[in-house]
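Subject: A structure to look through

Hello,

Please find the structure below, and have it open beside you while you read my notes on what was found in it.

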Amino acid sequence: MRAKRRTSRKAKPKPFWERGYRSHGYWQGRENLGRVSLAPPGDGELRYHWQAGKRAGRAATLREAKLAVEHAVLFGTRQLGLFGEE
């Protein structure tokens, strides 16, 4: 019986959050996947703006904004865009 060969692949680094001045960045290695920034004062209840790829939105809390970025990144990598969007 022949032994199976194991092919080693270089694993992608895990994404992580990095805190900055008035913003947080979501990185995977040297690639910026998304960001959350603080809205200017007087912008209402939705204090945080988030952006990941072509998707963007607003959230009331930092936790909600970070989750939205993570979901947008995960959604973008797992499903093809609609009508030829990338």
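What percentage of the 86 residues in the protein do buried residues make up? They make up 19%, where buried means under 20% relative accessible area, exposed means over 50%, and partly exposed lies in between, with a 1.4 Å probe and protein chains only.

Before you go further, please note that this is a predicted model, in which local features need a pLDDT of at least 70 and side-chain atom pairs count only at pLDDT 80 or more, while totals for chains, interfaces and linings use all residues. Residues are numbered from 1 along each chain as its sequence is written, and side-chain values use heavy atoms, with hydrogens and water left out.

The protein has one helix and five strands, and from the N terminus on these elements run β-β-β-β-β-α. Helices (H or I, at least four residues) and strands (E, at least two) are DSSP runs, numbered from the N terminus. The accessible surface comes to about 7,900 Å², of which 51% belongs to carbon and sulfur atoms; such areas come from the Shrake-Rupley method with a 1.4 Å probe, and for residues only the protein chains shown count as cover.

Let me turn to the interior. In soluble globular proteins, nonpolar side chains tend to be buried together. Here the largest nonpolar core has 11 residues in all, among them Tyr26, Leu33, Trp50 and Val69. Strand 3, strand 4 (48-52) and helix 1 (62-78) each supply at least two residues of this core, and the largest share, four residues, comes from helix 1. A nonpolar core is a set of buried Ala, Val, Leu, Ile, Met, Phe, Trp, Tyr and Cys residues joined through side-chain atoms within 4.5 Å. Alanine 52, which is one of the core residues, touches Leu33, Gly34, Val69, Ala72 and Val73, not counting residues up to four places away in sequence; contact here means heavy atoms within 4.5 Å.

A search of the whole structure finds one aromatic pair. The rings of tryptophan 17 and tyrosine 26 have their centres 4.6 Å apart and their planes at 35°, so the pair is tilted. Tyrosine 26 is buried, because its relative accessible area is 10%, whereas tryptophan 17, at 23%, is partly exposed. The charged end of lysine 66 sits over the ring of tryptophan 17, 5.2 Å from its centre, which requires NZ of Lys or CZ of Arg to be within 6 Å of the ring centre and within 35 degrees of the ring normal.

A few single residues also deserve a look. Serine 37 lies in strand 3 (residues 31-38) and is buried, with a relative accessible area of 16%. Not counting residues up to four places away in sequence, serine 37 touches Arg22, Ser23, Arg47, Tyr48 and His49. Arginine 22, in the loop between strand 1 and strand 2 (23-28), has a positive phi of about 60° although it is not a glycine, and at 42% relative accessibility it counts as partly exposed. Arginine 19, found in strand 1 (residues 16-20), is exposed, with a relative accessible area of 72%.

Best wishes

Technical notes. Rings of Phe, Tyr and Trp (its six-membered ring) pair if their centres lie within 6.5 Å; planes under 30 degrees apart count as stacked, over 60 as edge-to-face and the rest as tilted.
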